[in-house]
Amino acid sequence: MDFSATPSGFRQRKLQPSMRLRTSPGDVPDGSQLFEDTSGAGPGAQGGYRNQPAGPQAAGLPGQSLLSDPMSNLAMAYGSSLASQGREMVDKNLDRFIPISRLKYYFAVDTVYVGKKLGLLVFPYMHENWEMSYQQDTPVAPRFDVNAPDLYIPAMSFITYILVAGLALGTQNRFSPELLGVQASSALVWLIMEVLVVLLSLYLVTVNTDLTTIDLLAFSGYKYVGMIVGVVAGLLFGKPAYYLSLLWCCVAIFVFMIRTLRLKLLSEAAAEGRLVRGARNQLRMYLTMSIAAAQPIFMYWLTYHLIR
Amino acid sequence: MAFTLYSLIQTAILCTNAVAVLHEERFLSKMGWGVEQGVGGFGDDPGIKAQILNLIRSVRTIMRVPLIIVNTACIILLLLFG
């Protein structure tokens with residue numbers, strides 16, 4: 001095994017394709033922390049804070065027998081230890097079901113990344129290098145690599161889509177507060193079904209990929225950006241603007257998905273553009289195409305009833 | 001199309017039930033989808049049919065007991081609340 005540091009993340013991926021790990025923030029070396037430490041003058045601030053709760057207790061006025069009563073002290077100490085025990089248990093069990101430390105990786109974004117990614121989602125034609133960079137076998141956090149998937153943009157655009165849908169329904173006098181919930185659950189159900197179908201088809205075609213479920217969720221959530229652009233254009237400028245902007249965003253998201261998934265799903269040779277014959281590579285190509293083609297279909301399906 | 005999360009759960013239960021009732025001897029083997037046809041090639045490329053057969057067999061094995069529980073709960077809830 002060749003462990004020499006190679007600058008190209010592509011080659012590292014070829015050596016160990018099945019050992020992608022997303023480590024918790026504690027393991028990442030200092031040079032590339034997930035989150036910046038923005039607590040100003042940590043020890044000083046904490047020391048100042050700790051002095052204050054001790055103050056009123058020690059200085060207690062003679063009338064405040066509640067605080068100096070040993071029984072209530074005991075009760076407070078017991079209650080706080082119970083609370084911390086409960087919190088430990090909840091943390092431990094919650095981490096088994098929802099990998100919180102891995103989720104943190106997907107939210108390590110900053111403004112520059114969000115801006116670049118939104119531009120990429122609407123205009124992916126000028127971008128040349130679509131590879132994700134790795135740092136010693138772990139993917140780099142999204143704030144350092146514009147190609148890495150994140151969950152911030154999908155989450156925010158999902159919520160914005162629901163609000164914009166409510167706005168669109170309101171301009172047609174079809175709005176009622178329950179409709180917001182209906183729209184939200186409907187879009188969520190379609191998202192979950194899409195992710196499940198993609199997972200099933202990835203299993204059936206036996207693709208050796210390091211795409212995790214959360215990655216697929218992130219990629220499926222990127223289409224909400226295009227939907228918002230289409231609906232807002234339709235609200236502002238009427239139906240032709242809606243169709244035009246939706247068409248633009250559909251093509252953009254199609255190209256974006258193909259270029260992103262090509263590197264992850266197809267074999268090395270096919271991803272570099274050379275034609276590789278063989279039933280398996282063909283199947284993978286069809287799979288990539290259909291995942292990318294499903295995005296415009298969903299985009300139209302979820303927005304056409306909002307613009308009349 | 002107003003899909004709710006409840007309809008998603010319903011769909012999931014119905015689909016899992018559908019997969020669970022496929023009988024091994026009476027149906028799958030007759031169609032050429034039995035267990036012995038699934039473990040054909042030992043290369044690194046199992047093929048789609050082998051994957052589907054594996055999936056059906058594992059769903060039937062794993063989900064048998066949870067499905068009994070979930071179906072019983074559904075029956076009771078539907079009887080009570082219509």
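How much area is buried between chain B and chain A, and what share of it do carbon and sulfur atoms give? The area is about 1300 Å², and carbon and sulfur atoms give 75% of it; buried area is the accessible area (1.4 Å probe) that two parts lose on being put together, summed over both. This is a predicted model, in which local features need pLDDT of at least 70, side-chain atom pairs count only at pLDDT 80 or more, and totals for chains, interfaces and linings use all residues. Residues are numbered from 1 along each chain as its sequence is written, chains are lettered from A and ligands numbered from 1 in the order in which they are written, and side-chain values use heavy atoms, with hydrogens and water left out.

**Interface of chain B and chain A**

- On the side of chain B, B:Phe3, B:Leu8 and B:Gln51 lose the most area to chain A, together 40% of what that side buries.
- Chain B brings 13 residues to the contact and chain A brings 15 residues, where contact means heavy atoms within 4.5 Å.
- Between the two chains there are zero salt bridges, a salt bridge being a side-chain nitrogen of Lys or Arg within 4 Å of a carboxyl oxygen of Asp or Glu.
- Helix H1 (5-20) and helix H4 (48-62) of chain B each supply at least two residues of the side that touches chain A; helices are DSSP runs (H or I, at least four residues), numbered from the N terminus.
- H4(B) gives the largest share of that side, five residues.

**Largest pocket**

- The largest pocket holds about 610 Å³ of space; a pocket is an open set of points on a 1 Å grid over the protein atoms alone, where a 1.4 Å probe fits, with protein on both sides within 12 Å along at least five of seven lines.
- Its lining (residues with an atom within 4 Å of a point) has 18 residues, and A:Leu196, A:Val197, A:Leu200, B:Ala12 and B:Cys15 lie nearest the centre.
- Helix H8 (177-204) of chain A and H1 and H4 of chain B each supply at least two lining residues, and H8(A) gives the largest share, eight residues.

**Salt bridges**

- Over all chains the count is two salt bridges.
- A:Glu194 and A:Lys223 form a salt bridge through their side chains (2.7 Å, N to O).
- This pair links distant parts of the chain, with A:Glu194 in helix H8 and A:Lys223 in helix H10 (residues 223-237) of chain A, 29 residues apart.

Note on methods
Grid points are joined across faces, edges and corners, and a volume is the space filled by probe spheres set on the points.
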